[in-house]
Amino acid sequence: MRLDYLEIEQFRGIRELKLERLGDVNLLLGDNDSGKTSVLEAVRMFEAPDNIAIILRNARERQLSIRMYARELYTPVEYIWNLFPFFQETKQISLSAEINRQHEELGISGELVHILRPVSESELRGYPTSSRKKDKVLSEQDVLTLQGEISYQGEAYPYSVDEFFYPPMPLNAIKLERTIRYMAPGDHLSGRYNSAIFRATKRQELEIVELLNLIDPDIEGVKLVEGSTSLTRNQIVEHKLFGNIPLYSYGDGMKKILTLASYVLNAKGGVLLIDEIETSLQASHLKRVFAWLLQACRQFEVQLFVTTHSLEAVSALAGCAVEDRECDLVCYRLEADGEKLFAKRFSENRLDSIVNGRGIDVR
């Protein structure tokens with residue numbers, strides 16, 4: 001899967017934005033609240049563009065990235081509603097992209113209504129569900145519901161999401177088999193994304209261990225071992241001096257590198273979106289980590305989109321891209337002109353000249 005063009009209209013805080021001539025690696029820069037994360041989320045909308053259940057799952061990622069919550073931060077209605085532009089009364093999202101050399105159009109409309117329906121005990125306690133069959137129904141309630149329509153490639157797909165109920169996967173959903181992975185700034189803290197590392201080939205494991213040696217030169221490998229029950233597996237780092245060490249005993253830098261590697265493996269043949277890539281990485285490690293990342297994405301045919309607030313990260317990425325002659329890196333700085341947002345585009349050589357040659361801050 002590859003994107004060559006992306007146009008966003010009326011999505012979250014973005015009124016209109018065009019990203020043209022996308023590269024193998026796409027670096028997004030800009031001030032806080034300039035829309036960098038929203039661009040990543042707009043790309044994710046094309047993972048399953050007719051499927052409201054997948055769209056809702058992706059809309060929740062920004063809030064649920066650091067840890068799993070016992071209670072939701074928002075209702076299912078609010079997650080979808082927050083995708084719509086807050087500055088517009090008519091709720092309508094319009095996205096277009098060139099994917100695998102094919103033009104695609106995606107639109108989503110929505111309207112809030114109130115519907116009287118039976119509500120279960122767990123729903124009233126604040127635990128949304130995707131099944132209403134198991135819980136005891138207490139009473140009928142006036143339920144806030146978002147109803148609308150998804151339009152994709154000329155076809156219309158109606159949907160309905162309410163404040164208590166997660167919609168199930170539609171039976172007639174298009175099977176696009178696209179791979180789009182989103183790595184939030186805090187994903188490495190949970191450890192739940194690292195399973196691919198422990199299924200890696202021996203060659204892949206050696207490359208990952210080389211990265212981990214940036215933090216601890218005595219690391220020799222990673223593996224899974226049985227936990228206290230037959231259903232649990234512990235993530236273990238094999239250490240030359242201290243034997244088997246639980247991964248959780250290491251700091252955030254180790255977990256970040258492992259999570260980056262896991263996402264690259266999981267995004268094979270697709271698109272990887274990394275928000276605030278510099279999080280938990282020491283400045284002295286950035287160039288080595290980024291050089292590996294660019295090479296790994298090319299090996300697994302992964303198109304990369306990255307945001308950062310770090311000048312050191314911009315400098316390291318630009319330098320790595322110039323040294324890696326097979327890498328096609330493009331930088332977009334998102335800038336506001338009144339109510340409009342536009343992207344100033346830099347090639348890798350120009351970005352490297354500005355940042356590393358002339359020492360100009362382009363963030």
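**Figure 1. Arg-12 and Glu-41 pair up in a salt bridge.** In this predicted model, the side chains of Arg-12 and Glu-41 come together at 2.7 Å, N to O. The two partners sit in distant parts of the chain, 29 residues apart: Arg-12 belongs to the loop between strand 1 (3-11) and strand 2 (14-20), while Glu-41 is in helix 1 (residues 36-44). Both Arg-12 and Glu-41 are buried. For Arg-12 the relative accessibility is 11%, so this arginine falls under the 20% cut-off for a buried residue. Have a look at the backbone here too: Arg-12 has a positive phi of about 50 degrees, although it is not a glycine. As background, most residues other than glycine have a negative phi.

**Figure 2. Asp-162 and Arg-117 form a salt bridge between two strands.** Here the side chains meet at 2.9 Å, N to O. Asp-162 comes from strand 7 (residues 155-162) and Arg-117 from strand 5 (residues 102-120). That puts the partners 45 residues apart, so to speak in distant parts of the chain. Are these two buried or exposed? Asp-162 counts as buried because its relative accessibility is 6%, and Arg-117, at 10%, is buried as well.

**Figure 3. Four charged side chains join in a network of salt bridges.** The members are Asp-31, Arg-333, Glu-335 and Lys-344. One of the salt bridges you can pick out joins Glu-335 to Arg-333, at 3.1 Å, N to O. Arg-333 is buried, with a relative accessible area of 15%. Stepping back, the count for the model comes to 12 salt bridges. In general terms, side chains of opposite charge can pair when their charged atoms come close.

**Figure 4. Helix 9 packs against helix 10.** Two packed helices are described by the angle between their axes and the distance between the axes. For helix 9 (residues 311-323) and helix 10 (residues 348-357), the angle is about 135 degrees and the axes are 9 Å apart. The two helices are therefore oblique to each other, and their crossing is left-handed. On the helix 9 side, the contact uses Leu-311, Val-314, Ser-315, Ala-318, Gly-319, Ala-321 and Val-322. Helix 10 answers with Glu-348, Asn-349, Leu-351, Asp-352, Val-355 and Asn-356. Sorted by class, the contact of helix 9 with helix 10 has 7 nonpolar, 4 polar and 2 charged residues.

**Figure 5. Helix 9 also meets helix 8.** The axes of helix 8 (residues 286-299) and helix 9 come within 9 Å and cross at roughly 50 degrees. Helix 8 and helix 9 are therefore oblique to each other, and helix 8 passes helix 9 in a right-handed crossing. From helix 8, the contact takes in Leu-286, Lys-287, Phe-290, Ala-291 and Leu-294. From helix 9 come Glu-312, Ala-313, Ala-316, Leu-317, Cys-320, Ala-321 and Glu-323.

**Figure 6. Thr-259 is a buried residue of helix 7.** Helix 7 covers residues 252-266. Thr-259 has a relative accessible area of 0%, so this threonine counts as buried.

**Figure 7. Arg-101 has a positive phi.** This residue sits in the loop between strand 4 (92-99) and strand 5. The phi of Arg-101 is about 65 degrees, although Arg-101 is not a glycine. With a relative accessible area of 72%, Arg-101 is exposed.

**Figure 8. The whole chain, for context.** The secondary structure comes to 10 helices and 15 strands. Of the 363 residues of the protein, 50% count as buried. Among contacts between residues at least 6 apart in sequence, 67% join residues at least 24 apart.

Key
Residues numbered from 1 in each chain as written. Predicted model: local features only at pLDDT ≥ 70, side-chain atom pairs only at ≥ 80, totals over all residues. Heavy atoms only, no water. Helix = DSSP H or I, 4+ residues; strand = E, 2+ residues; numbered from the N terminus. Buried < 20%, exposed > 50% of the residue type's maximum accessible area, 1.4 Å probe, protein only. Axes fitted to C-alpha atoms, helices over the stretch in contact; angles between N-to-C directions. Parallel < 35°, antiparallel > 145°, perpendicular 65-115°, else oblique. Left-handed = near helix turned anticlockwise from the far one by under 90°. Contact = heavy atoms within 4.5 Å. Nonpolar A, V, L, I, M, F, W, Y, C, P; charged D, E, K, R; others polar.
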